[in-house]
Amino acid sequence: MTSHGPVNPKRRNELKRLFKDSKAGLVFVTAFLDRRTMTKYLGDISWETEVWVADAPTHLIHFNGERFLGPYEE
């Protein structure tokens, strides 16, 4: 499976359904080449997801939720 664009609420729900039988916890990460590209999609990125930017590879941006960088128990 491949996709393009940020993990928005619709995509997040689709992925949760697709992997509903998975024993592993899910962590949703959107990757961008640079911050400039990321800013175009900021309004679309779902809460409770992570963002990684290639031009700052040692950092992650957490879109607030109850947890930081870990799966959510449903």
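The model is predicted: local features need pLDDT of at least 70, side-chain atom pairs count only at pLDDT 80 or more, and totals for chains, interfaces and linings use all residues. Residues are numbered from 1 along each chain as its sequence is written, and side-chain values use heavy atoms, with hydrogens and water left out.

1. Strand 2 (residues 49–53) and strand 3 (residues 60–63) run antiparallel and are joined by 4 bridges. They form a hairpin with 6 residues between them, and Trp52 stands opposite Leu60. Strands are DSSP runs of E, at least two residues, and helices runs of H or I, at least four, numbered from the N terminus; two strands pair if DSSP finds at least two bridges between them.

2. There are 2 aromatic pairs. Phe32 and Tyr41 are stacked, because their ring centres are 5.8 Å apart and their planes at 20°. Trp47 and Phe63 are tilted, at 6.0 Å centre to centre and 50° between the planes. Rings of Phe, Tyr and Trp (its six-membered ring) pair if their centres lie within 6.5 Å; planes under 30 degrees apart count as stacked, over 60 as edge-to-face and the rest as tilted.

3. Trp47 is exposed at 58% relative accessible area, while Phe63 is buried at 10%. Buried means under 20%, exposed over 50%, and partly exposed in between (1.4 Å probe, protein chains only).

4. Thr30, in strand 1, is buried at 2% relative accessibility. Its contacts (heavy atoms within 4.5 Å), leaving aside neighbours within four places in sequence, include Gly5, Glu50 and Trp52.
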